[in-house]
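Hi everyone, thanks for coming. Have a look at the screen while I talk you through a few spots.

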Amino acid sequence: MSSQHSGSCLCGAVRYAVEGEFQSFFLCHCGRCRKDTGSAHAANLFSTTARLTWLDGQDRVKTYRMPGSRHQRSFCAECGSALPGLQMDGALLAVPAGSLDTPIAMRPNAHILVASRADWDDHLENVPRCEGLPG
């Protein structure tokens, strides 16, 4: 039985479905992924077999390909949210985990490219936690 997932962007202009299994889930700390997300790392699921279907707003999906590299990022032209994209000439589907609206049972396989992580990205598990907004 194949897994089914759905996702969307922040403004709701783009909606998608993914049918199939994810083979890997990586938290990438490279400088490009940090720029893509504005955060400590990107959290992406990957599949060579799953099928992506755009349900709404495919015309609003833009893809930036970094010249001279294989790095690319798909996003909503309205709100800028990260969205799935086909990479490696369509051989690999990359899905930003945060764009999914359905739960996934899969846990990340690994933190990758940690040698290039941000200088403030160390022992973040020790930073105080707030259940809501700070008071």
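Let me start with a question: is Glu19 buried, partly exposed or exposed? Glu19 counts as partly exposed, because its relative accessibility is 30%. The cut-offs are these: buried means under 20% relative accessible area, exposed means over 50%, and partly exposed is in between, with a 1.4 Å probe and protein chains only.

Before going on, some ground rules. This is a predicted model, where local features need pLDDT of at least 70 and side-chain atom pairs count only at pLDDT 80 or more, while totals for chains, interfaces and linings use all residues. Residues are numbered from 1 along each chain as its sequence is written, and side-chain values use heavy atoms, with hydrogens and water left out.

Okay, back to Glu19. Glu19 has a salt bridge with Arg51, and the closest N and O atoms are 3.7 Å apart. By salt bridge I mean a side-chain nitrogen of Lys or Arg within 4 Å of a carboxyl oxygen of Asp or Glu. Arg51 sits in strand β5 and Glu19 in strand β2, so this pair ties together parts that are 32 residues apart in sequence. When I say strand, that's a DSSP run of E with at least two residues, numbered from the N terminus.

How many salt bridges do we get by this rule? The count is four. Another one of them joins Asp56 to Arg15, with the closest N and O atoms 2.8 Å apart. Here Asp56 is in β5 (residues 51-56) and Arg15 in β2 (residues 15-19), and they are 41 residues apart. Asp56 counts as partly exposed because its relative accessibility is 35%, and Arg15, at 38%, counts as partly exposed too. Then there's Asp122 with Arg117, at 3.4 Å from N to O.

Now for strand β10, residues 92-96. How many of its five residues are buried? Five of the five! On one side you have Leu92, Ala94 and Pro96, on the other Leu93 and Val95, and all are buried. As a reminder, side chains in a regular strand alternate between the two faces of the sheet.

And who are the neighbours? Strand β4 (residues 42-47) pairs with β10 in the antiparallel sense over four bridges; pairing takes at least two DSSP bridges between the strands. Leu45 stands opposite Val95 there. Strand β9 (residues 85-87) also runs antiparallel to β10, joined by three bridges, and Gln87 stands opposite Leu92. The β9 and β10 hairpin has four residues between the strands, and Met88 takes a positive phi near 50°.
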